[in-house]
Amino acid sequence: MTTFTAPTARPVARRRSHLLSDTSVLTGRSMRHITRSLDTIITVTITPIALMLLFTYVFGGALATGTDTYVTYLLPGILLITIASGIAYTALRLYTDLQSGVFQRFHSMPISRSAILWAHVLTSLVSNGLSLVIVVAVALVMGFRSPAGPLAWLGVVGILALFTLALTWVAVIAGLAAKSPDGAGAFAYPLIFLPFISSAFVPTDTMPGPVRWFAEHQPVTSIVDTIRRLLAAEAVGGEIWIALAWCVGLLVVAYGFATLVYRRRLA
């Protein structure tokens, strides 16, 4: 008489451990590429810092935003532009690995397939985090000040990390589907432009009707307004839930499409 042995959780735990260890190793590989080319991070921060300087010292005096220093009003939008600039390089790195055959070589080894993508995603989070720190440091030199406490700053970091994660999975789709290096990074241009039609630079109530409607109902405005209120130590109200809904919704959709494209591309 044979006995039936119920499957245990050990194989699942082993697979998870395998995924974590593989992701850790591959993330280290990607991070070494970043540390060997720090000019990438510098390049990512040049455009946001240039915009911050331009709008603060050239246009800031003519813009009525209700704040003592325009850079304080401007910074949340600049941070989102920094993230949008940084993920273009994530798509480019992924495209380069795909075209060089790195993915195929990894797939011939006993490595978790999803670990390859997650390594690029985690590298994007770290590299974009470094870029954001540089931009905030420059803003402090320019006069940015915040009365926000540790919890408010933690909220800002959390929203920026979630936004970066969501856009990074969009970058994964672009990197996997691109036919050329230029195409891999070109998707980021509309994302960089989107903050200009939002409350990032001026209040939306100064805009004409159709533009104002679009600005008030697109994701950047709710995210910018939430970060701005957190940095000002003000009550965020229901705006934070709208911002989180946009970030989570984009993350779920982008992750689903990225996984689908990844399976079809390397099937």
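This is a predicted model: local features need pLDDT of at least 70, side-chain atom pairs count only at pLDDT 80 or more; totals for chains, interfaces and linings use all residues.
A cavity, for this talk, is a set of grid points where a 1.4 Å probe fits but cannot get out.

Searching the whole structure gives two cavities of 30 Å³ or more. The largest cavity holds about 60 Å³ of space. Its lining consists of Thr 40, Ile 41, Val 44, Gly 86, Tyr 89, Arg 93, Ser 127, Asn 128 and Ser 131. Which helices do they come from? At least two lining residues each are supplied by helix H2 (39-59), helix H3 (70-100) and helix H5 (113-142). By class, the lining of this cavity has three nonpolar residues, five polar and one charged.

Now the open spaces, beginning with the largest pocket. Its volume is about 500 Å³. The lining runs to 21 residues, and those nearest the centre of the pocket are Tyr 73, Asp 225, Arg 228, Arg 229 and Glu 234. H3 and helix H10 (219-231) each bring at least two residues to that lining. Which element gives the most to it? H10 does, with six residues. The classes in the lining of the largest pocket are six nonpolar, eight polar and seven charged.

The second largest pocket contains about 290 Å³ of space. Of its 14 lining residues, Ser 85, Ala 88, Tyr 89, Gly 185 and Tyr 189 lie nearest the centre. The elements giving two or more residues here are H2, H3, helix H7 (181-186) and helix H8 (188-193). Nine of the lining residues of this second pocket are nonpolar, four are polar and one is charged. Note Tyr 89, which is in the lining of the largest cavity and also among the residues nearest the centre of the second largest pocket.

Next, the packing. The largest nonpolar core has 66 residues, and Met 52, Leu 80 and Trp 169 have the most contacts inside it. At least two core residues each come from H2, H3, H5, H6, H8, H10 and helix H11 (239-265). H3 gives the most to this core, with 17 residues.

Is Gln 218 buried or exposed? Its relative accessible area is 3%, and buried means under 20%, so Gln 218 is buried. Leaving out residues up to four places away in sequence, Gln 218 touches Leu 194, Ile 197, Ser 198 and Trp 246.

The other is Gly 143, in the loop between H5 and helix H6 (150-177). Gly 143 has a relative accessible area of 24% and is therefore partly exposed. From Gly 143 to Tyr 70 is 73 residues in sequence, but 9.1 Å in space, C-alpha to C-alpha. With residues up to four places away not counted, Gly 143 touches Thr 69, Val 71 and Thr 72.

Methods
Residues are numbered from 1 along each chain as its sequence is written. Side-chain values use heavy atoms; hydrogens and water are left out. On a 1 Å grid over the protein atoms alone, a cavity is a set of points where a 1.4 Å probe fits but cannot get out, and a pocket is an open set with protein on both sides within 12 Å along at least five of seven lines; lining residues have an atom within 4 Å of a point. Grid points are joined across faces, edges and corners, and a volume is the space filled by probe spheres set on the points. Helices (H or I, at least four residues) and strands (E, at least two) are DSSP runs, numbered from the N terminus. Ala, Val, Leu, Ile, Met, Phe, Trp, Tyr, Cys and Pro count as nonpolar, Asp, Glu, Lys and Arg as charged, and the others, Gly among them, as polar. Buried means under 20% relative accessible area, exposed over 50%, partly exposed in between (1.4 Å probe, protein chains only). Contact means heavy atoms within 4.5 Å. A nonpolar core is a set of buried Ala, Val, Leu, Ile, Met, Phe, Trp, Tyr and Cys residues joined through side-chain atoms within 4.5 Å.
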